[in-house]
Amino acid sequence: MKYLSNVSTLRLQAAKCTGCGVCLKVCPHAVFVIKNKKAVIVDLNFCMECGACKMNCSFNALEVKSGVGCAAGIIAGALRGTEASCLCE
Amino acid sequence: MNKFKKVDCGCDTIANCCGGPKTEKHSQIAVLGGVKTKAGDIPVVSAKLGFKDTLGSWRMRWGFGRYSYSIEPGIYAVGKPKNTSPVFVSANYKMSFDKLRKALADIDCFILVLDTKGINVWCAAGKGTFGTEELIKRIKAVNLEKIVARKQVILPQLGAPGVAAHIVAKKTGFKPVYGPVRAEDIPLFMKKGMKADEKMRSVEFPFKERIVLAPFEIIGSLKLLTVAFVLLSVINLFKSGGLNIQNTLCSFLPYLGSAFVGAVLVPALLPWIPGKSFAYKGWLAGLLYVAVIGNMWFPGTTVYFTWLLILPAISAFIVLNFTGCSTYTSLSGVKKEMRYAIPLIVVSALIGIVLNFL
Ligand code: SF4
Ligand code: SF4
């Protein structure tokens, strides 16, 4: 299932990428493939901005503004004047 | 809704992140005995779930009794592990732990339980409690290097947003390996020499996972329904000059239906409803619903227009909230759709209410 198009904040800096393949292993939506020893974004629109790839890329080649894609969390964040977050705990 | 304090649905693939224990007390798990290691005796837990475990997960799903559903962080054993056995890492949300140990029936191993404040892996990773620091701390706290010789820990892939594997490796010497998304796939993952294929790594959002969230969505929409009910009573009071319970209840039925459309029908039929935006899907289904009930029983022009303006708005709002449960919506995407959907929903509902007083 695909969500809205062209919204993800995911960016890949090919120059820093070593093609280690870690991002492929952690991404739950198969956003990357390796081509010519570099990671390539196959379809940005599958990205849910979970942040797993950025967190595990030891070469800082990935950037994404991660957070919860959750309306209740965003409303909660707006009401409290913070970032979107689950109002739980 | 519900002050956004929803209970965790507990399906623990990706689930709504709200909830968690309200107390510090941990649930008890039956211990079968102990395994001797260089770091002392480690409690052995059963890979079979008992009746109490099943009952507990059912209660969590329906949000009955917000009792603590966490377990004590630390190290546990399944089967008869030796110092060459694998180590799996789990959250201390009891349902995460239960799913894991159930999948480990034929594997002698250790389970390292992190303190995620009783929240499932995915949500805890997002919050950072299933995270780099906690993992480093826990590996040291249980003296893992004395327990196993192989310097490796297997993490659920859904923990990856919280854990920087390379930092854990550098700080502890233990190399994290990401296992499959679903605990059920662990036996196959181990058989394949600890390789997760693309299917094991992908998160889907199948019918079963969507429908399991229905109770949770129904409970989540109760607040909204209460507001609708009170408003209707006021409108009825205003119109007929008396509080006619039967009348109010009857006119409330369509509202109940619109909540059902948003909480159950749209989630169930999600991939087949046109549109990408959740609010749009909900609105469209709500509109269709009004057309259907209006066809079966026409309530008069004013009420029909009220329905048209309010019922799809209710469905849209409830479905919009389902983004929190879905496993593919992004923060940027939800923000974008909320920017136009929320004002439209509010304006539509307000016009619908005002219409009644004209
Ligand atoms: S993890 Fe980073 S360096 Fe490795 S392939 Fe992905 S982007 Fe490239
Ligand atoms: S943020 Fe998550 S979904 Fe997006 S590319 Fe990275 S790992 Fe994949």
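In the hairpin of β2(A) and β3(A), where 2 residues lie between the strands, N36(A) adopts a positive phi near 50 degrees. Strands here are DSSP runs of E with at least two residues, helices are runs of H or I with at least four residues, and both are numbered from the N terminus. β2(A) covers residues 32-35 and β3(A) covers residues 38-41, and the two pair antiparallel over 4 bridges. Pairing requires that DSSP find at least two bridges between the strands.

Residues are numbered from 1 along each chain as its sequence is written, chains are lettered from A and ligands numbered from 1 in the order in which they are written, and side-chain values use heavy atoms, with hydrogens and water left out.

I turn to chain A as a whole. Its secondary structure comprises 3 helices and 4 strands, in the order β-α-β-β-α-β-α from the N terminus. Along the principal axes, the C-alpha atoms of chain A fill a box of roughly 45 × 25 × 20 Å.

Next, the ligands. Which residues come nearest to ligand 1? Of the 13 residues around it, they are C17(A), C20(A), G21(A), C23(A) and C57(A); a residue is near a molecule if one of its heavy atoms lies within 4 Å of it. The shell around ligand 1 has 10 nonpolar, 3 polar and no charged residues. In this classification Ala, Val, Leu, Ile, Met, Phe, Trp, Tyr, Cys and Pro are nonpolar, Asp, Glu, Lys and Arg are charged, and the others, Gly among them, are polar. Ligand 2 is surrounded by residues including C27(A), C47(A), C50(A) and C53(A), together with L10(A), V31(A) and F32(A). Its shell divides into 10 nonpolar, 1 polar and 1 charged.

In chain B, strands β1(B), residues 31-37, and β2(B), residues 40-45, run antiparallel and are joined by 6 bridges. A hairpin of 2 residues connects them, and V35(B) has I42(B) of β2(B) as its bridge partner.

Further along chain B, the axes of α13(B), residues 278-296, and α14(B), residues 301-321, come within 7 Å and cross at roughly 145 degrees. These axes are lines fitted to C-alpha atoms over the stretch in contact, with angles running from 0 to 180 degrees between N-to-C directions. Contact means heavy atoms within 4.5 Å. Among the residues making the contact are G282(B), W283(B) and G286(B) of α13(B), and W307(B), L308(B) and L311(B) of α14(B). By class, this contact has 17 nonpolar, 4 polar and no charged residues.

Finally, confidence. The model scores ipTM 0.89 and pTM 0.85. pLDDT is the predictor's confidence in each residue, from 0 to 100. Chain A has a mean pLDDT of 88, with 92% of its residues at 70 or more. Chain B has a mean of 87, with 90% of its residues at 70 or more. Over residues 1-16 of chain B, however, the pLDDT is below 50. Where pLDDT is low, the predicted coordinates should not be read in detail.

Key:
Predicted model: local features only at pLDDT ≥ 70, side-chain atom pairs only at ≥ 80, totals over all residues.
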